[in-house]
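Thank you all for coming; I would like to walk you slowly through one structure this morning. Please have a look at it first, and then we will take its parts in turn.

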Amino acid sequence: MTGAIPTIALVGNPNAGKSSLFNALTGARQKIANYPGVTVERKAGHASFADGRPISLIDLPGSYSLTPASPDEAVTRDVILGRQDGEKRPDALVVVLDAANLDNHLCFALELIALGLPTVVALNMLDLATRDGLTLDPERLSKELGVPVVPTVAVRKRGLAELLAALDGAIRTQPARTEAGAAGKAAPSDTSLHQRARAIARAATLAETPVRRWTQRVDAVVLHPVAGFLILLALMFVMFQAVYAWAGPPADLLEGAVGVMQQWVIAAIPENFLRDLVVEGLLAGVGAVVVFLPQILILFLFILLLEASGYMTRAAFLMDGLMAKVGLSGRGFIPLLSSFACAVPGIMATRAIPDAKDRLTTILIAPLMTCSARLPVYALIIAAFIPDRGVGGTNIGLQGLVLFGLYLSGIVGALLVAFALRRTVAKGDAAGFMMEMPRYQMPQWRDLLLGLWQRAWIFLRRAGTIIAMTTVILWLLLSFPKAPIGESQVEYSVAGRIASGLEVIVKPIGFNHDIALALIPAMAAREVAVSAMATANAIDADGDEDAMAQSLGERLQGKWSIATALAFLAWFVFAPQCISTIAITRRETNGWKWPMFMVGYLFLLAYAAAGITYWTAVAFGLG
Amino acid sequence: MTALLDKAPLGVAVRIARIDWNAMTDDEGRRLREFGLMEGVEVTPLHRGSIFSRDPLALAVGRMRVIIRARQAAMIAVEAAEAERQSA
Ligand SMILES: Nc1nc2c(ncn2[C@@H]2O[C@H](COP(=O)(O)OP(=O)(O)OP(=O)(O)O)[C@@H](O)[C@H]2O)c(=O)[nH]1
Ligand SMILES: [Mg+2]
């Protein structure tokens, strides 16, 4: 070593536990989930040997070999072979194996060991191997492979010190052999390599009792053509009911807290510019968004549970038939489901899709999946216009049902758009679908809580930065110039006049001045639609005690027709109101062409959907 | 007696007799082999299709579960597995 900090890459098959190990060693919080293709880019972190010498660790996307099938796997190859621009080649490798799947994982391991870099094998998921009735002999495995083998259980942080010690030793004692074009020489698609892998696995397996049957029994139900699909629907349905049923009390608490803070500021600061800014802009605006935190967390809890349990690939299996009909594959269902949280990670996750056209289509329809930023908008309008009662005398909430319907419209819209795109701009062969199905796992409570905490933090940070900023700017634009007595401040202000201009365009689809005002700032982040309306209403209500006491929903109820509210919801199902999504699409498609296309088609769809909804509702007398 | 994996009954282990590598793309073939699907290997078809179509097919390959499409399964010829043959 030249004294520089050694760089060590974690590499292995998908879902072997590389990111879990990376997090355990570096204290990082990379996303971990129980399906292949979670990590899609290179991530670096710091750790240190027992004596305190620092090392740099790299977490990589899982791969089956150094011959990539999808963009994420190409990253792994490039990093390992030192082809990544501006990155030096790793000094050593930690090959992460799933102990319960040695037959298969040893193939890639053999290919990696043949590269000649100092290598240590982490025999991970030893607990699962034991659960499945396997007894392994790490020493024998080490002898067969010619490199140290360290048993680990990443999720319980077991074997970490031993792994680091072995790594230290390997860097010292295994000089990097010059590889005579070793890469690709022993590709895991070779029959002979597979035979060797199987022989080694057999030699290292001391005892093997038949696989536990319960996972098979679960799959017999969950993957049953009819029952399985009903279960999938039921899961989604329960998820949206829960968003309403469970969020009430904590949301009321937050709303109360915002009100108390407003009263407190009003009492503490004399009437002036600053007080209005805080009360009308920050507290009313940002507060109106923050009260939706409980609902967002409930949604995330469900998504995290689905991801951690291993259900995600089962859902992909069930949806493949439908996805195939529109020219996609079940693989694409996973990024789409992730887009329920946010389209940005969803679009990133498409890197695990092998077929380029399949991937492009999935990127283009990802914004149609209802992301959590839309939840505040939906929730506000639903709470204001849809009665809070059971459907037909049952306990099933009507509000949750409408929310479920909005999510479904997004999905159906996405599938129809995919169908059209695959026949026009993203034409290509039918996409394939080949995927490994992981075992079921009990979700780790620590990971779940950590995931929830991360999401809460991201949401609050958004509220405190981009949402607060846009809202304050909007408040300024709404407060000046000062309207003469008797005229509406909101309509008289700069923002109000701009909105009046826009209102001409959106009037045909039933939008009013309130909505026109919210549309432009909501480009920054969808939630701003809510904070913008809250701020505008707070300014309008200035000094009017009765109006101040009303919630935003109650005030909208008084001003909007149901047809307008429904049109507004329909607009938000489709409208591309999110700058980050546009930016990530530009990055992932290498250019402006596709993001522009996406924005264009989504606005058209949004306009049409809102219009059709409005006209239909008016025809039914809801205008 | 060989049959195509595409039509093989669920829950019965079979041995892969032949794979028509020429009928598929290089990438497809490679991924199949990376999943351990190659001549001589025993697999068990476990689940087939959803309410939408007969696709896809979930297989047990050793301790691994993999999903492939019927189109690929139709390029894989299988015969009765060792154990089945003896009991027959
Ligand atoms: N029981 C058990 N589960 C583990 C262990 N290590 C990881 N897991 C679980 O295995 C799943 C996959 O872990 P990840 O760390 O995301 O795997 P990865 O190798 O980074 O996967 P990709 O990024 O998709 O290649 C998660 O559900 C983890 O909780 C382990 O030692 N024991
Ligand atoms: Mg990972």
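This is a predicted model: local features need pLDDT of at least 70, side-chain atom pairs count only at pLDDT 80 or more; totals for chains, interfaces and linings use all residues.

**A loop in chain B, then chain A**

Pro56(B) has its place in the loop between strand 3 (42–48) and strand 4 (57–61) of chain B, where helices (H or I, at least four residues) and strands (E, at least two) are DSSP runs numbered from the N terminus. A cis peptide bond joins this Pro56(B) to Asp55(B), with omega at about -15°.

Residues are numbered from 1 along each chain as its sequence is written, chains are lettered from A and ligands numbered from 1 in the order in which they are written, and side-chain values use heavy atoms, with hydrogens and water left out.

Let me turn to the ligand. Ligand 1 is surrounded by 24 residues, and the closest are Lys18(A), Ser19(A), Ser20(A), Thr39(A) and Asp127(A); a residue counts here if one of its heavy atoms lies within 4 Å of the molecule. In the side chain of Lys18(A), an N or O atom is 2.6 Å from an oxygen atom of ligand 1, and a polar side-chain atom of Ser20(A) lies 2.7 Å from an oxygen atom of the ligand. For Gln441(A), a polar side-chain atom lies 2.9 Å from a nitrogen atom of ligand 1.

Now, at what angle do the axes of helix 1 and helix 6 of chain A cross? The axes of helix 1 (residues 18–26) and helix 6 of chain A come within 11 Å and cross at roughly 90°, axes being lines fitted to C-alpha atoms, for helices over the stretch in contact, with angles from 0 to 180 degrees between N-to-C directions. Helix 1 of chain A is therefore roughly perpendicular to helix 6 of chain A, a term that covers 65 to 115 degrees. Leu21(A), Ala24(A) and Leu25(A) of helix 1 make the contact with Leu160(A), Leu163(A) and Leu164(A) of helix 6, contact meaning heavy atoms within 4.5 Å.

Finally, Lys157(A) is found in the loop between strand 7 (149–151) and helix 6 (160–173) of chain A, and phi of Lys157(A) is near 55°, a positive value in a residue other than glycine. Helix 5 of chain A, for its part, is followed by Gly146(A), whose phi is also positive, near 80°.

Methods
A polar contact is a pair of N or O atoms within 3.5 Å; within protein, one must be able to donate a hydrogen and the other to accept it, and residues adjacent in sequence count only if both atoms are side-chain atoms. Angles under 35 degrees count as roughly parallel, over 145 as roughly antiparallel, 65 to 115 as roughly perpendicular and the rest as oblique.
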